[in-house]
Amino acid sequence: MSTARCGAMRPVAAAGLLIRRSVAHRRAALPSTTPSALARRATHRRQQRGTGVVYAYSLKIALNGRQHFESCESVVNSFSDDEMEGKRVLITGATGGIGKRTAQALVELGATVLVTARSVAKAEECAAEIGGEAVPFDLDLGSQASIRSFLSDAVDGGAVGPLDVVIANAGIGMVPGRQKTVDGHDICWGTNHLGHFALVQGLLPLVRGAPEGEGRIVVVASETHREVPSGFDLPQLEARAVCQVSEATQLELEPLCDKRHMVVAYEYSKLCNLRWAGELQRRLRKQGIAVHACCPGFVQTGLRRSMAQSAEEEQLFEMLYNKETNPMLKDVSEGAATTVFLAAAPSRELGRELYWTNCHPLDPSDEAMDREQGKALWELSDSLITAYAKS
């Protein structure tokens, strides 16, 4: 975003805040000066990781080189009122939170916004509020059968029509109880990644009709992708029995305790969002379709509903979701700003930068940018949706 696009927003305190897991006081008591002490600390951190639910995140990363948080208002005001006139945008998860504010802002810029939801009634209610259009078919991203039905009715049947932008915004997280999708996958991975993978694959023919260089896919990811242990993969996420290769690797391979699973499931789904976005960008580059991903930041949304499970954690979250004690906390408008920017900005301003936060590019983790991992994830995802289509 150029300097001209930075609106006059409230300043944020410059002092960094590092959120630590609720067991930080226990770790602080460990010795840290000898190799054996460092080894004990590492083991302790792995063991205690299951009792914490918040990842390390700094104000420096949240601001990403800026002096304030951008908002939907500042982004919209930086464009002309008809910036997206004639553009058609389909967005998932637009019935509330960041998705709804994103949709509102794009309507303000002149776009025709198509709203999807698990029920037509919710989509119609949201569309009426924001001035968009509801796609009159149910869409449950946790069900491959629902996605295929949606694509058959809405795409093949002509209800969606040509698209310029698709925003993969919907997401669930911090779900307790190791819940599964109807297809048997971890509910976070199956919804946040596999559901969007299948949907976007089916919508690509509609995006290919956009003017050359103007077709765009925007994937809402998260900085939590950096918290996934190196080498962690889907079988480990969905493991239920102890899988010990060696004494040294047992802690990483054994099934996650329920509380840690709740966190890692979300983190891993967001890592997969970025791996998929990177691979999709490489595959679509020659077709004139751009792909970008973003982290909304630390925003109070519906994801918090399942997070607090103890008095200690409830107290921690009260602190985290209070602007006075957590200067990184964003409101919904600030959380949606980068998505709006990536959907609306001219392609020349975005270039080939994949990952963004606070309307500015940011390097993802090396794990997220691993091409072999991206290719492997693509092949796995494609094989799964192909198998489900044949079943």
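**Cavities and parallel strand pairing**

The structure holds two cavities of 30 Å³ or more; a cavity is a set of points, on a 1 Å grid over the protein atoms alone, where a 1.4 Å probe fits but cannot get out. The model is predicted, with local features needing pLDDT of at least 70 and side-chain atom pairs counting only at pLDDT 80 or more, while totals for chains, interfaces and linings use all residues. Residues are numbered from 1 along each chain as its sequence is written, and side-chain values use heavy atoms, without hydrogens and water.

The second largest cavity has a volume of about 30 Å³, a volume being the space filled by probe spheres set on the points, which are joined across faces, edges and corners. Its lining (residues with an atom within 4 Å of a point) consists of V175, R178, Q179, D186, I187, C188, H261 and A265. Two or more of the lining residues come from each of α8 (187-207) and α11 (258-284). By class, the lining comprises four nonpolar, two polar and two charged residues (Ala, Val, Leu, Ile, Met, Phe, Trp, Tyr, Cys and Pro are nonpolar, Asp, Glu, Lys and Arg charged, and the others, Gly among them, polar).

Strands β1 (residues 88-91) and β2 (residues 112-115) run parallel and are joined by four bridges; pairing requires at least two bridges found by DSSP. Helices (H or I, at least four residues) and strands (E, at least two) are DSSP runs, numbered from the N terminus. V89 has V113 of β2 as its bridge partner. Two bridges pair β2 with strand β3 (residues 133-134), also in the parallel sense, and V115 is partnered by A134 in β3.

Key. 1 Å grid on protein atoms, 1.4 Å probe; cavity = no way out; pocket = protein on both sides within 12 Å on 5 of 7 lines; lining within 4 Å.
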